[in-house]
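Subject: Structure handover

Hello,

Here is the structure for you to look through. Please open it first, then read the notes below it.

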Amino acid sequence: MIDLLILTGVSERATDIHFEPEKNLVRIRYRIDGVLKQGPYIPKKLERAINSRIKIMGNLNISESRLPQDGKATVNVYGKPIDVRVATFPTIFGENVVLRVLNKEQLIIGLESLGFSENNMGRFTTAISRPNGICLVPGPTGSGKTTTLYAALLKISTPERKIITLEDPVEYELPLIRQSQINVRAGLTYAGGLRAILRQDPDIIFVGEMRDEETIDTAIRAALTGLMVFSTLHTNDAAASIPRLLDMGVEPFLVASSLVGVVAQRLVRLICKYCKEEIQPNPDLVRRLNVPNTKFYAGKGCKNCEGTGYRGRTVISEIMLMSPALQKAIMERADSSIVRSISRQEGMETMLEDGIQKAIGGVTTLEEVARVV
């Protein structure tokens with residue numbers, strides 16, 4: 001049964017499979033294109049057997065149900081190995097289990113395939129082509145930050161450059177790139193691992209997340225000594241990254257002298273190409289988003305998109321590049337609204353503007369842009 005549920009998830013392009021215990025049953029839900037979709041219901045009497053099977057797969061303790069556990073498994077689907085991350089969490093009706101499906105076949109290799117607009121693609125290429133500095137990709141969980149950074153690393157990876165990563169966990173294996181996984185229990189943290197990487201003679205470093213002051217401080221010093229550092233940060237937009245770094249105790253002059261670019265992004269669902277049709281947009285949404293009254297499109301729902309009108313996802317982004325005016329604002333500890341205003345004057349499109357352009361171009365819908373941004 002577990003194999004069949006995973007097989008179904010992979011077939012439907014699910015990124016996560018949720019096992020949610022209720023009072024009298026276990027509910028299965030699949031996250032497809034960023035939205036949860038209802039799956040089958042399973043009798044309550046099978047709950048313990050299901051949990052035990054998943055825990056054995058993930059090499060977890062089957063007798064422990066009172067504490068959260070994390071593990072990793074590899075399953076064969078259609079003869080191909082699929083990595084699955086297992087996470088359990090105790091709730092009042094039993095253990096909630098989430099399987100994160102890491103399908104290496106679906107990794108988009110080309111940066112050009114991610115969906116950046118022409119303007120943003122040029123700005124992003126400028127940021128990642130710098131010989132040294134820090135390039136940040138902020139956004140919430142599930143906004144495609146890791147995929148974007150992997151694609152950027154593959155674009156600039158050459159036999160002449162040594163690239164080392166420090167991740168939690170390593171999601172996809174990349175050629176020619178030295179990848180390492182943090183292990184807090186064994187004492188390998190982001191800060192400790194980053195200090196060790198600096199002794200490995202790298203040219204480019206990818207740190208999974210700027211999580212604490214020590215990690216950020218080490219990364220900044222690496223950037224100032226001539227290395228290129230890529231990382232992620234949990235903020236809502238590009239401009240909010242600056243106050244976030246300052247709040248974490250980093251000196252303004254260090255941020256101003258080391259940061260080269262910030263690439264904030266979200267993922268929006270693509271209109272299904274099989275049932276795409278021209279529509280009259282919602283007048284309230286047109287007024288709220290202040291968009292021109294032009295042609296818009298939506299999917300009416302078909303068997304290819306399972307009636308949702310959407311199939312696949314693409315990126316909407318805003319890219320802030322460092323400039324003398326921005327450096328001055330950072331030194332003065334300016335708030336995010338001033339940082340955003342300066343960036344807009346220097347050519348930055350906001351995520352909302354990028355999303356509206358994609359809706360006008362028939363790539364996604366206004367409803368989807370409003371939902372995400």
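A pocket is found on a 1 Å grid over the protein atoms alone: it is an open set of points with protein on both sides within 12 Å along at least five of seven lines, whereas a cavity is a set where a 1.4 Å probe fits but cannot get out. Lining residues have an atom within 4 Å of a point.

This is a predicted model, in which local features need pLDDT of at least 70 and side-chain atom pairs count only at pLDDT 80 or more, while totals for chains, interfaces and linings use all residues. Residues are numbered from 1 along each chain as its sequence is written, and side-chain values use heavy atoms, with hydrogens and water left out.

The second largest pocket

Its lining has 16 residues. Nearest the centre of this pocket lie Ile 32, Lys 37, Cys 305, Glu 306 and Thr 308. The volume is about 280 Å³, meaning the space filled by probe spheres set on the points, with grid points joined across faces, edges and corners.

Which strands supply at least two residues each of this lining? They are E3 (35-43) and E15 (310-321). Strands (E, at least two residues) and helices (H or I, at least four) are DSSP runs, numbered from the N terminus. E3 gives the most, with three residues.

By class, the lining has eight charged, five nonpolar and three polar residues. Here Asp, Glu, Lys and Arg count as charged; Ala, Val, Leu, Ile, Met, Phe, Trp, Tyr, Cys and Pro as nonpolar; the others, Gly among them, as polar.

The hairpins

E3 also pairs with E2 (residues 25-32): seven bridges join the two, and they run antiparallel. Two strands pair if DSSP finds at least two bridges between them. Val 26 has Ile 42 in E3 as its bridge partner. E2 and E3 form a hairpin with two residues between them. In that turn, Asp 33 has a positive phi of about 55°.

Another hairpin is made by E4 and E5, with two residues between them. Tyr 78 sits in its turn, with a positive phi of about 55°. Nine bridges join E4 (residues 69-77) to E5 (residues 80-91), and the strands run antiparallel.

In a regular strand the side chains alternate between the two faces of the sheet. Which side chains of E4 point to the buried face? They are Gln 69, Gly 71, Ala 73, Val 75 and Val 77. Buried means under 20% relative accessible area, exposed over 50%, and partly exposed in between (1.4 Å probe, protein chains only).

The open sheet

Seven strands form an open sheet in the order E9-E8-E10-E11-E7-E12-E15, with mixed pairing. E9 (178-181) and E15 are the edge strands, each pairing on one side only. The twist averages 20° from one strand to the next. E7 (residues 133-138) and E11 (residues 228-233) run parallel, joined by six bridges. Gly 133 has Met 228 in E11 as its bridge partner.

Thr 215 is in helix H6 (residues 213-224). Is Thr 215 buried or exposed? Thr 215 counts as buried because its relative accessibility is 0%.

Asp 201 lies in the loop between H5 and E10. Asp 201 counts as exposed because its relative accessibility is 62%. Asp 201 and Leu 227 are 26 residues apart in sequence, and 9.8 Å apart in space, C-alpha to C-alpha.

Best wishes

Definitions and conventions
Axes are lines fitted to C-alpha atoms, for helices over the stretch in contact, and angles run from 0 to 180 degrees between N-to-C directions.
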